[in-house]
Amino acid sequence: MPSPTVVRSSLAAVGLPLLLVLGACAQQAPAPAKPSAELARFYDQELTFGPCEGYATTPADEQLFAGGKGFECARLQVPLNYDDPNGETAQIAMLRVPARGESMGSLLLNSGGPGGPGMNFAASTAAALAQSPVTERFDLIGFDPRGVGATTPAIECFSNEQYLNGEAQTEFVFTAGNWTEADSRQLVDQCAQRSGGQQTLASVSTRDTIRDMDVLRAAPGEEKLNFLGQSYGTRVGALYAEAFPQNVRAMVLDGAVDPDLGQERRLSQYAGFQRSFEAMAADCATRPDCPLGTDPARATETFQNIVRPLLDRPITFGNGRQFTYNDAIAAVVSALYSQEVRPAITKGLVELQAGNPDRLNRLAQLFSGRGPDDSGSNFNSANYAISCMDEERRTPEQANDFRRRIYQAAPFADPGRDADEARDSCEFWPAEPKPAYPFPDLVEGLPQTLTISITGDPSTPYDAGVNLAKSLGCSMLTVEGEQHTVAATGANACVNGFVADYLVTLRTSPADARCTL
């Protein structure tokens, strides 16, 4: 499940109790490689930064990008297909926040997803780290990856009416009932028609995005890349490190995606959501009027009794929007990312029982980045498209088995109805995937990087960070607590200090270093 920035920037961030620093790698990387002659015109292009008006794709971004904040925006031209550099191009939208002091270069950011926008992530990270040496010494650059947000062409699979009617579904896992061959074909056809054609759908893999990143590194005149990526952004960073180790100066990878697993990683991910749900239910049980009851062992059953009626009777509210079972699950999952946001679940469930889904609907919208009228972000569509290009496809038999295993891992989300058919929603995608895994056992020639992994992370399990640090052969920060990502929040001075010291000086902390919150 993705972890879009909008959840963390719109809702309260959570502090983390303990930090332990492990050992670091120390390799000398060779000099950056020169691009091919066919790609030289992209690497050598001059970027023209100017006002950010016209870059926003959501009402929230319109307010965020408004003048007077020092933000600068530009578009980077890259090949739509790197195998055909003389063919069609894409334009990568980017936002720069100049360093507060003397700049030592750019720090490229990725918010996660896949499908998470980067322009607003740079703006929110600059605010969160306003007093940090990071914003003093680095120009922050956030970019909307190919297919995402203000980058063109962008992926969009649905009409606004489909969003309003609760029909904007892109996967079979949390879709109650059957998902048929016709459903999969129709979804892919819609995406192609609304996104500029099949060539757009074929161009949005993460392996394409990392090539954009190398152009983005070079175009502003940077010899080496400084990068901070969280959640899915750790996959982006790790794949870049694998492909361009000689071009890396520093890399912070926060909330790691397992380097060895494709969709199978979602089983442990949903098991993590179930653990977070149970922790929320246990806390709720100690409070008066808990909608999940006083017995945490029955909380999953009680929750199912509250939300399963939506399967047959969605609630119509507001401007005619349908609040469905799938919306309820999406709302709960979005709030499980943060301990401080979890009380919104129980308040929303109380209101839902009274026929008012507004609070839960706002949670679901924050997760997808869409506004009150369901307009705006293309996060869901881009997440689907990038995943189709990054991960293995399933046969119908595998798809049915996978859905069954997902509900075993996260029974709170189980609709309680057997489905006769589940098809991989990427089954008829017009291009073969470019798998984003596994990584090599060790990336040679890579300078020291920093992986951060949190023991109680509900979305990216702690062991995934251990595996990623091992694959990269570099250092890791272990965080005791329950939270998904921390480096960009500015929420803890100790964590801020370790990250800033690494990015500015490339020093890693001693093995016995600890932070206490």
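Student: In this predicted model, what makes the pair Cys284 and Cys290 a disulfide?

Tutor: The sulfur atoms of Cys284 and Cys290 lie 1.9 Å apart. A pair of cysteine sulfur atoms counts as a disulfide within 2.5 Å, so the pair qualifies. The link of Cys284 and Cys290 is right-handed, with 115 degrees about the S-S bond.

Student: Are Cys284 and Cys290 buried or exposed?

Tutor: Cys284 and Cys290 are both buried.

Student: How many disulfides does a search of the whole structure find?

Tutor: The search finds 4 disulfides. One of them joins Cys157 to Cys191, with an S to S distance of 1.9 Å.

Student: Why is the disulfide of Cys157 and Cys191 called right-handed?

Tutor: The handedness is read from the torsion about the S-S bond, which is about 110 degrees for Cys157 and Cys191, so this disulfide is right-handed. Cys157 sits in the loop between strand S5 (139–143) and helix H6 (160–164), while Cys191 belongs to helix H7 (residues 181–195). The pair therefore ties together parts that are 34 residues apart in sequence.

Student: How do you know that Cys157 and Cys191 are buried?

Tutor: Buried means under 20% relative accessible area. Cys157 has 0% relative accessibility and therefore counts as buried. Cys191 has a relative accessible area of 0%, so Cys191 is buried.

Student: What is the handedness of the link between Cys388 and Cys426?

Tutor: With -80 degrees about the S-S bond, the link of Cys388 and Cys426 is left-handed. This pair links distant parts of the chain, 38 residues apart. Cys388 is in helix H16 (residues 379–390), and Cys426 is in the loop between helix H17 (396–409) and strand S10 (450–454). The S to S distance for Cys388 and Cys426 is 1.9 Å.

Student: Why are Cys388 and Cys426 called buried?

Tutor: The limit for a buried residue is under 20%. Cys388 has a relative accessible area of 1%, so Cys388 is buried. Cys426 has a relative accessible area of 7%, so Cys426 is buried.

Student: Turning to Arg235, why does this residue count as buried?

Tutor: Arg235 has 4% relative accessibility and therefore counts as buried, the cut-off being under 20%. Arg235 is part of helix H10 (residues 232–243).

Student: Which residues is Arg235 in contact with, leaving aside its neighbours within four places in sequence?

Tutor: Its contacts are Thr206, Val257, Leu261, Arg265, Asp390, Glu391, Ala436, Tyr437 and Phe439. With Glu391, the side chain of Arg235 makes a polar contact of 3.5 Å. A polar contact requires N or O atoms within 3.5 Å, so the pair meets the limit. Leu253 is 18 residues from Arg235 in sequence, and their C-alpha atoms are 8.4 Å apart in space.

Student: How many cavities of 30 Å³ or more are counted?

Tutor: The count comes to 3 cavities. The largest cavity has a volume of about 70 Å³.

Student: Which residues line the largest cavity?

Tutor: The lining consists of Ser106, Leu108, Ile141, Leu216, Arg217, Pro220, Glu222, Lys224, Leu225 and Asn226. Strand S4 (106–110), helix H9 (206–218) and strand S6 (225–230) are the elements that give two or more residues to this lining.

Student: What makes up the lining of the largest cavity by class?

Tutor: The lining has 5 nonpolar, 2 polar and 3 charged residues. Arg, Glu and Lys count as charged, and the lining includes Arg217, Glu222 and Lys224.

Note on methods:
Residues numbered from 1 in each chain as written. Predicted model: local features only at pLDDT ≥ 70, side-chain atom pairs only at ≥ 80, totals over all residues. Heavy atoms only, no water. Helix = DSSP H or I, 4+ residues; strand = E, 2+ residues; numbered from the N terminus. Buried < 20%, exposed > 50% of the residue type's maximum accessible area, 1.4 Å probe, protein only. Contact = heavy atoms within 4.5 Å. Polar contact = N/O pair within 3.5 Å; in protein donor to acceptor, adjacent residues only side chain to side chain. 1 Å grid on protein atoms, 1.4 Å probe; cavity = no way out; pocket = protein on both sides within 12 Å on 5 of 7 lines; lining within 4 Å. Points joined across faces, edges and corners; volume = space filled by probe spheres on them.
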